[in-house]
Amino acid sequence: MSVAHAARRVVTCDPARATQADPLGVVEDGAIVVLLGRVTWVGPRGDLAPGVPVVDHGDVVLTPGLVDAHTHACWSGSRHAEYAVRMAGGNYEAIAKAGGGIVSTHKSVVGCDAGVLAQELAARLARMATLGVTTVEVKSGYGLVPDAERKQLHAIRDVARNASLPHVVPTFLALHAIPPVSRQDREGYVRHVETVLVPEVARDGLAEFVDAYVDRDAFQVAEARRVFEAAKRGGLGIRVHVGQFADIGGAELAAELGAASVDHLEHVGPSGMFALTASKTRAILLPTASFTLAQTPPPVASLRDAGVELVVASDANPGTAPTESLPLALAFAVRAYGLTPAEAILGATRHAAASLHRFGVSGGVPRGALIAGAAADFVVWDLPHELAIVQPWGVSRTRLVVREGQVLHQAHGHNVQTSPRT
Ligand code: NIG
Ligand code: FE
């Protein structure tokens with residue numbers, strides 16, 4: 001049966017409603033109608049069809065569910081000792097070279113039971129849901145050795161089946177670090193990923209995207225190209241970690257191959273920027289990672305001027321982004337990167353969904369915007385205006401978080417009343 005949800009401000013993120021003055025397409029005194037997990041109608045509350053029961057949320061904001069388009073949420077272990085060393089001045093890349101960093105999480109993941117790995121991921125996703133997140137991209141990339149990568153991808157797939165958690169988009173992070181056992185045979189490692197693992201992941205439907213960390217202490221453009229071409233042959237999309245520490249040409253490669261996203265970009269240079277300008281590749285900004293690493297922001301104004309669509313994500317991982325909070329990333333994107341609140345909100349809804357092929361692609365169910373036909377993924381905030389979403393740091397201000405019409409999270413003491421409109 002149809003149910004309407006009404007609120008003082010319904011932030012649709014619908015491009016058809018957006019104007020220069022109102023890029024978020026807000027309907028004041030608005031409502032959405034939900035039937036069988038989909039949005040069937042959006043508009044002013046006064047135009048609702050008679051007889052539809054209305055849940056009146058009152059003088060608050062209702063938005064699409066947030067979409068976190070870059071996370072490494074599948075991990076085990078803890079890097080607290082390394083974190084303390086880094087906060088006291090230790091260098092992230094030097095720690096990684098000495099066998100810490102990604103490789104230390106790799107060791108935990110290798111030793112972790114598959115069920116426990118899945119449980120830890122599920123717990124993280126459940127906490128993300130309390131913050132308003134209804135879709136999460138989850139990368140592998142800590143297994144590193146083939147069997148442990150498979151274990152991660154299977155854990156992600158198992159958790160993705162749980163409808164009481166956010167919707168999951170799995171990514172095979174194929175090149176993240178060379179595992180210690182392959183240090184003497186880097187070429188053999190890349191070849192195995194290219195010729196065995198990527199085709200297997202594509203065949204078994206274990207991921208929708210393939211990612212690679214292209215940077216001075218990570219992987220070269222030529223190595224990533226081989227793996228991405230294998231991904232394309234298998235029908236998988238491409239995401240690329242680019243320019244986190246140095247620009248070695250990852251953005252040019254991403255643009256050339258039609259990647260869905262380039263992520264990080266703190267050090268992207270003019271040639272990479274130029275390549276992105278002419279592409280449809282979206283820029284995923286990860287402000288909590290650059291904050292943790294005490295880095296200067298990416299060239300956000302140039303990206304904006306070049307017409308590159310901006311996405312904001314949490315980067316949730318045990319090393320550079322020890323958070324699970326997309327709203328915190330939005331607050332940092334506004335405070336430290338100079339995004340407008342509307343840019344930040346679009347970067348965590350429609351643009352993030354588009355980067356995950358969940359908006360603007362034919363055939364799929366749209367997410368990240370409240371339009372007829374989209375998944376009924378939405379958040380009722382305990383906030384009077386969308387400008388406030390980027391303001392409260394470190395607390396959850398959600399009242400109600402819904403995925404496909406089902407409640408993922410309801411805040412304590414939240415009381416809604418349903419009344420048929422007559
Ligand atoms: O996105 N840059 C590489 N990967 C992660 C960090 C991984 C880690 O330190 O565990 C990132 O920042
Ligand atoms: Fe990352």
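Is Cys74 buried or exposed? In this predicted model, Cys74 counts as buried, because its relative accessibility is 0% (buried means under 20% relative accessible area, exposed over 50% and partly exposed in between, with a 1.4 Å probe and protein chains only). As the structure is predicted, local features need pLDDT of at least 70 and side-chain atom pairs count only at pLDDT 80 or more, whereas totals for chains, interfaces and linings use all residues. Residues are numbered from 1 along each chain as its sequence is written, chains are lettered from A and ligands numbered from 1 in the order in which they are written, and side-chain values use heavy atoms, with hydrogens and water left out.

A disulfide is taken as a pair of cysteine sulfur atoms within 2.5 Å, and a search of the whole structure turns up zero of them. For Cys74, the nearest cysteine sulfur is that of Cys112, 8.4 Å away, and Cys74 is in no disulfide. Cys112 is likewise in no disulfide, and this residue is buried, with a relative accessible area of 11%.

His72 sits in the loop between strand 6 (66–68) and helix 1 (80–87), while His241 belongs to strand 10 (residues 237–242), so the pair ties together parts that are 169 residues apart in sequence. The helices and strands are DSSP runs, numbered from the N terminus (helices H or I, at least four residues; strands E, at least two). Both His72 and His241 are buried.

Pockets come next. On a 1 Å grid over the protein atoms alone, a pocket is an open set of points where a 1.4 Å probe fits, with protein on both sides within 12 Å along at least five of seven lines, and lining residues have an atom within 4 Å of a point. The largest pocket holds about 380 Å³ of space, a volume being the space filled by probe spheres set on the points, which are joined across faces, edges and corners. Its lining has 16 residues, with Ala96, Lys97, Ala177, Ile178 and Asp217 nearest the centre. Helix 2 provides the largest share of this lining, four residues. By type, the lining of the largest pocket comprises nine nonpolar, two polar and five charged residues (Ala, Val, Leu, Ile, Met, Phe, Trp, Tyr, Cys and Pro count as nonpolar, Asp, Glu, Lys and Arg as charged, and the others, Gly among them, as polar).

The second largest pocket has a volume of about 210 Å³ and is lined by 20 residues, of which Val3, His5, Val402, Gly405 and Val407 lie nearest its centre. Strand 16 gives the most to this lining, three residues.

Finally, the structure holds three aromatic pairs (rings of Phe, Tyr and Trp, the last by its six-membered ring, with centres within 6.5 Å; planes under 30 degrees apart count as stacked, over 60 as edge-to-face and the rest as tilted). Tyr92 and Phe245 form a stacked pair, 5.6 Å centre to centre and with 15 degrees between the planes. Ring pairs also link Phe291, Phe332 and Trp393 into a cluster.
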